Amino acid sequence: MEDILIKVDGLGRRYVTYKRGSGFKESIKSFFKRKKVYVDAVKNVSFTVKEGDIVGILGPNGAGKSTTIKMLTGTLYPSEGTIDVMGYNPCKDRVKYVKNMGAVFGQKSQLIFDIPPVDSFVMNKAIYDIDDREYEERLKLLTELLELGDIIYRPTRVLSLGERMKCEFIMAMLHNPKIVFLDEPTIGLDVIAKQNVRKFIKEMNERGVTFILTTHDLQDVEQLAKNVIIINSGEKVFDGTITELKNTLGAKKIVEITLADDTESDVSDIEGVKLIEKNNNLQFTLEVDTEIIPINKFIGLMSQKSVFTDISIKELPMEDVIAKIYTEKVGK
């Protein structure tokens with residue numbers, strides 16, 4: 001049985017803010033008496049993460065996922081509930097805890113802008129009290145995996161965004177953490193840089209590192225995550241595998257068909273099939289519910305109705321699944 005690395009139970013975080021009206025008079029009133037407003041950023045969230053997992057935490061802006069990550073890293077105290085990460089309470093056992101965890105934030109750099117990344121690495125070596133031999137071996141491994149070469153000896157300010165992000169990963173992983181938190185690690189990167197970062201995450205995961213990923217790039221989730229947690233309006237609305245997530249809308253497929261001629265082909269009488277788009281009389285995009293009609297039966301029926309020159313069968317886009325979950329929660 002896989003070991004549980006993270007256990008979160010009934011986690012909540014409440015903020016206190018103040019409300020006042022507009023205008024000079026209301027401003028003066030609020031100076032003497034302000035009305036408190038309580039905002040629940042996270043409400044009664046519970047989940048577990050297994051060792052060696054890659055978990056994607058998703059949610060719309062303001063859903064509470066960043067607040068959850070801050071509590072998991074120990075930078076924010078929870079208002080209620082408990083967090084156990086590798087046997088540590090992230091807030092109370094912070095000194096011991098940070099030696100076993102790392103973090104990469106796509107919009108906040110750990111590198112010092114005017115010096116080469118390697119000098120920032122030496123700083124982290126001192127902070128984490130890394131042995132000289134272990135440091136050299138670890139630095140060599142990470143630079144080879146990320147294909148950085150002598151880039152780490154150039155001033156940080158002259159590096160491209162992709163090169164800087166690779167160096168951010170070295171900063172986070174020099175001390176060989178067991179778990180790494182990633183907040184939008186591929187934001188702003190080009191296609192090649194994203195592929196390189198994802199490849200590195202997979203390789204380190206195979207070496208035993210557990211990753212917690214928050215992102216709006218669903219390609220990151222589809223290519224990396226083994227399990228997904230969705231938070232909306234501060235509450236957990238989904239916790240399961242990628243397959244289970246896609247099946248929340250049913251076992252549906254997107255089928256694109258190109259006909260041999262412009263003979264009309266009516267699909268409205270086929271149960272479980274919905275026309276999504278008709279580009280012209282030759283090209284159709286359909287949604288097929290395979291729980292109602294198996295895909296092979298659908299193809300057989302279409303073959304009887306018309307002759308087609310091309311057909312492609314795809315999974316339901318992740319965007320559709322996520323958007324449906326978001327809107328369902330908002331509509332409650």
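Which residue in E9 does Ile230 stand opposite? I looked this up first: the residue is Phe238.

**Ground rules**

I am working with a predicted model, where local features need pLDDT of at least 70, side-chain atom pairs count only at pLDDT 80 or more, and totals for chains, interfaces and linings use all residues. I number residues from 1 along each chain as its sequence is written, and side-chain values use heavy atoms, with hydrogens and water left out.

My helices (H or I, at least four residues) and strands (E, at least two) are DSSP runs numbered from the N terminus. I call two strands paired if DSSP finds at least two bridges between them.

**The whole chain**

I count 11 helices and 13 strands in the protein chain. Its C-alpha trace spans about 70 × 60 × 50 Å along the principal axes.

I take buried as under 20% relative accessible area, exposed as over 50%, and partly exposed as in between, using a 1.4 Å probe and protein chains only. On that scale, 43% of the 332 residues are buried.

The accessible surface comes to about 18,000 Å², by the Shrake-Rupley method with a 1.4 Å probe, and for residues only the protein chains shown count as cover. Carbon and sulfur atoms own 49% of that surface.

For contacts, I use heavy atoms within 4.5 Å. Of the contacts between residues at least 6 apart in sequence, 70% join residues at least 24 apart.

I also checked charges, with Lys and Arg as positive and Asp and Glu as negative, leaving out His and the chain ends. I place each charge at NZ of Lys, CZ of Arg, CG of Asp or CD of Glu. There are 47 positive and 50 negative side chains, and the centres of the two sets lie 10 Å apart.

**The sheet of 6 strands**

Back to the sheet that holds E9. I read the strand order as E5-E6-E7-E3-E8-E9, in an open sheet with mixed pairing. Strand E5 (101-105) and strand E9 (235-241) stand at the edges with a single partner strand each, so one side of each has no neighbour in the sheet. The twist averages 15° from one strand to the next; axes here are lines fitted to C-alpha atoms, for helices over the stretch in contact, and angles run from 0 to 180 degrees between N-to-C directions.

E8 (residues 227-232) and E9 run antiparallel and are joined by 6 bridges. Ile230 and Phe238 face each other across this pair.

Which helices pack on this sheet? I noted H2 and H6. Helix H2 (residues 65-73) touches strand E3 (54-58), E5, strand E6 (179-183), strand E7 (210-214) and E8, and its direction makes about 155° with that of E6. Helix H6 (residues 161-173) touches E5, E6 and E7, at about 160° to the direction of E5.

**The sheet of 3 strands**

I then turned to an open, antiparallel sheet with the order E2-E1-E4. Strand E2 (35-50) and strand E4 (80-85) are the edge strands, each pairing on one side only. Neighbouring strands are turned by 25° against each other on average, direction ignored.

Strand E1 (residues 4-19) pairs with E2 over 12 bridges.

How many of the 9 residues of H2 are buried? I find 7, and the helix is mostly covered. The buried ones are Lys65, Thr67, Thr68, Ile69, Met71, Leu72 and Thr73. Gly74 follows H2 and has a positive phi, near 90°.

As a reminder to myself, most residues other than glycine have a negative phi. Glu147 has a positive phi of about 55° and is not a glycine. Glu147 sits in the loop between helix H5 (132-145) and H6, and is exposed at 58% relative accessibility.

Ser233 also has a positive phi of about 55°. Ser233 lies in the loop between E8 and E9 and is partly exposed, with a relative accessible area of 36%.

**Asn205**

Is Asn205 buried or exposed? Asn205, in helix H7 (residues 191-206), is buried, with a relative accessible area of 10%. Leaving aside neighbours within four places in sequence, I find Asn205 in contact with Gly52, Asp53, Ile54, Phe211 and Lys226.
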